[in-house]
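Here is a short briefing on one protein chain. Look over the sequence and the fold, then read the points below.

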Amino acid sequence: MSTAFVEALQTISTGEPVLWLTVGVLFGIFVGSLPGIGGSLGMALVLPLTLPLSGVNAIILLVSIYSGAMYGGSIAAILLNAPGTSAAAATTLDGYPLSRKGEAVTALAMSAVSSTIGGFITIIILVLISPFLVRMVLLFGSPEYFLISLLGISMIAIVARGSLAKGIVSGMFGLLIATVGIAPMVPQQRYTFGYYQLYDGISFVAALIGLFALAEMINLAGEEGTVAKESSELSGSIKSGVKSVLERPLLVAKSSLIGMGIGAVPGAGSTVSTFVSYAEALRSSKDSDSFGEGSHEGVIAAESANNATIPGSLIPTFSFGIPGSGSTAVLLGGLIMHGLQPGPNLFSSGLSTTYTVFLALFLGNFIILGIGLTFISRMGYLTKVDTDIIIPAIIVLGVVGSYMLRVNWLDVFSVFLLGIIGYYMKKYNYSIIGLVLGIVLGPIAEENLARSLVLSDGSLMVFVNQPLSLLIVIAIIALTLGPVVKKQREKWAA
């Protein structure tokens, strides 16, 4: 281990890897900040251009774009309620309300620091546990993947503000949207109505752009002035954002570990990890009523988990060649294209290459921190631009981004339809988070449920016959009954 680590240090200390690392992070921040574009499309565009590079430099470039895009997604999410990446959707819940209060600079600073610290914590852990990763990943099978997704769905009971019934309805609607397309495990069409464009289902990115960006633009269209309403001057500061993060080390650490843990589950991805982290922060907060209104804890929890997901997602990708997201799928293609075969070899004979990638991620966080605190935080002044300029610009970006992802006009239609639905859901206090959780986790849960039942010949005991799966079942029951028990205790106390 020590020899491989020293070799990795020697490789990363040369000028060329650092150059590609810097280029990758900057390009990633740019594509990540554009609604609907994101890291996977940015990596796919660059992938053919990496052919002249060595294998290590090519992977460093790709993984740096991945890391930069994960942070970049929070910029538009905070400033304009238009998440640049799906993972940044959780950041909008409190980041955008802070912008509305004139505290965009504080929110952007919190995002940069939280993302950086979350990345540092998980990369250090990843380096330490690298020799044992293969055995750890083997503990998860289809039953565990199903239960993890069910755990995420049960979070609706926590994150649904106001009426729990409305939260459940939102979640069920999200699950219904997720059923559109070809069913998993069996070649059966569902709700496609003869349109081949619906065979792949409704684009999750298009749904996010509609539910968050377009819905908010419809809301802003009924107002005059700028995004920031509560002050004529921006009241936030970089110092207050940094201080807010440093005052909550336990929240940052917990959210980072959640991000890494869920990121290591193939198919779960950063969107699930950020929402689960956000829900856990809400559950454990002493000031849960402030969530959704501009809570610092909400932004910190989402952003700490965001970048922490990247090291976690590399575990199944490097160990078994199983990509957990679009970005890791492109990264997997880069590995194979450059002759780096995923598998146990990357943690034995190729361990120095693996450590080099991890160190590149570690150094990339310094670039994110520097860019975030010196340049990106100044973009808070965008919230003082008149909405007559902001609204058409965001709608155009959202439409172009949704179309480019699959070159499918149906995605553009989905943006407008779900934008209108999202506007009325927000107006009548239906949970947007519940809807998003249903859309994200529905396909994961359904596919792994079907696979688990096939493996067990239809026996439900497959979900409780292992210690790990039993532990997850207990957590699901606790999360589901938690709000009910809390209300009952409050009644008794009164």
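How many helices and strands are there in the protein? There are 21 helices and two strands, where helices (H or I, at least four residues) and strands (E, at least two) are DSSP runs numbered from the N terminus. This is a predicted model: local features need pLDDT of at least 70, side-chain atom pairs count only at pLDDT 80 or more, and totals for chains, interfaces and linings use all residues. Residues are numbered from 1 along each chain as its sequence is written, and side-chain values use heavy atoms, with hydrogens and water left out.

**Overall fold**
- The protein has 494 residues, and 57% of them count as buried. Buried means under 20% relative accessible area, exposed means over 50%, and partly exposed lies in between (1.4 Å probe, protein chains only).
- Contact means heavy atoms within 4.5 Å. Of the contacts with a separation of 6 or more, 79% join residues 24 or more positions apart.

**Nonpolar core**
- The largest nonpolar core holds 120 residues. Such a core is a set of buried Ala, Val, Leu, Ile, Met, Phe, Trp, Tyr and Cys residues joined through side-chain atoms within 4.5 Å.
- Leu-211, Phe-212, Phe-275, Leu-331 and Val-436 touch the most other members of this core. Helix H4 (residues 55–80) gives the most to the core, with 15 residues.
- Leu-211 touches Leu-418, Gly-419, Gly-422, Ile-432, Leu-435, Val-436 and Ile-439, not counting residues up to four places away in sequence.

**Aromatic rings**
- A search of the whole structure finds eight aromatic pairs. Rings of Phe, Tyr and Trp (its six-membered ring) pair if their centres lie within 6.5 Å; planes under 30 degrees apart count as stacked, over 60 as edge-to-face and the rest as tilted.
- Phe-120 and Phe-366 form a tilted pair, 4.9 Å centre to centre with 50 degrees between the planes. This pair links distant parts of the chain: Phe-120 is in helix H6 (residues 104–129) and Phe-366 is in helix H17 (residues 351–374), 246 residues apart.
- Phe-120 is buried, at 17% relative accessible area, whereas Phe-366 is partly exposed, at 46%.
- Why is the pair of Tyr-423 and Tyr-424 edge-to-face? The ring centres of Tyr-423 and Tyr-424 are 5.1 Å apart and their planes are at 75 degrees, so the pair is edge-to-face.
- Tyr-423 is partly exposed, with a relative accessible area of 24%. Tyr-424 is also partly exposed, at 43%.
- Ring pairs link Phe-120, Phe-362 and Phe-366 into a cluster.

**Charge over a ring**
- The charged end of Lys-166 sits over the ring of Tyr-430, 5.1 Å from its centre. The rule asks for NZ of Lys or CZ of Arg within 6 Å of the ring centre and within 35 degrees of the ring normal.

**Glycine contact site**
- Gly-263 is found in helix H13 (residues 249–263). Gly-263 counts as buried, at 4% relative accessibility.
- The C-alpha atoms of Gly-263 and Thr-309 are separated by 4.6 Å, and the two residues are 46 apart along the chain.
- Leaving aside neighbours within four places in sequence, Gly-263 is in contact with Thr-309, Gly-312 and Ser-313.
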